[in-house]
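Welcome! Take a look at the model first, then read on.

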Amino acid sequence: EAVTVREAMMKENGGILRQAGNLTGADAVAAMTTLRDNYSHIPALFPEGSNVGESEALPAIWENWEAFTAIADAGVTAAEQGIAAAEAGDAAAYAEAVKAIGATCGQCHQQFRS
């Protein structure tokens, strides 16, 4: 079940990130809030032994748990910065937050996904 839930969440994150650069105001805040909430749940969606079935999760997740959770934490932090930037109307800081979140996706997939 964790595999199904996390795959759906990751697809949601990807969809939000594809649109995030075009968002402003309340829409940007809502997108960043969803990303923050999703990123905060990532560690719980990877219980040990959940790399079964269709999972693309590598054993490296559990072997390097601190590095894995640090990436999720960085996503939470970037999303919080994106929320603050969107609320302040700071387009440049918002764009940086979107870029930072996208970078965490890449970092995680390179290290922890087959």
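At what angle do helix α4 and helix α5 pack? In this predicted model, the angle between α4 (residues 65–88) and α5 (residues 91–112) is about 165°, and their axes lie 8 Å apart. Since angles over 145 degrees count as roughly antiparallel, α4 is roughly antiparallel to α5.

**How α4 and α5 meet**
- The crossing of α4 past α5 is left-handed.
- On the α4 side, the residues that meet α5 include Ala67, Phe68, Ile71, Gly75 and Ala86.
- Their partners in α5 include Tyr94, Ala97, Ile101, Thr104 and Phe112.
- Sorted by class, this contact of α4 with α5 has 15 nonpolar residues, six polar ones and no charged ones.

**The largest nonpolar core**
- This core has 31 residues, and Met32, Phe46, Tyr94 and Ile101 have the most contacts inside it.
- Two or more residues come from each of α1 (2–20), α2 (25–41), α3, α4 and α5.
- Helix α4 gives the most to the core, with nine residues.

**A closer look at Tyr94**
- Setting aside neighbours within four places in sequence, Tyr94 is in contact with Ala20, Leu23, Ala28, Met32, Gly82, Ala85 and Ala86.

**Glu63**
- You will find Glu63 in helix α3 (residues 60–63).
- Glu63 counts as exposed because its relative accessibility is 61%, and exposed means over 50%.
- Glu63 and Glu48 are 15 residues apart along the chain, and their C-alpha atoms are separated by 9.9 Å.

Note on methods
Residues numbered from 1 in each chain as written. Predicted model: local features only at pLDDT ≥ 70, side-chain atom pairs only at ≥ 80, totals over all residues. Heavy atoms only, no water. Axes fitted to C-alpha atoms, helices over the stretch in contact; angles between N-to-C directions. Helix = DSSP H or I, 4+ residues; strand = E, 2+ residues; numbered from the N terminus. Parallel < 35°, antiparallel > 145°, perpendicular 65-115°, else oblique. Left-handed = near helix turned anticlockwise from the far one by under 90°. Contact = heavy atoms within 4.5 Å. Nonpolar A, V, L, I, M, F, W, Y, C, P; charged D, E, K, R; others polar. Buried < 20%, exposed > 50% of the residue type's maximum accessible area, 1.4 Å probe, protein only. Core = buried A, V, L, I, M, F, W, Y, C linked by side-chain atoms within 4.5 Å.
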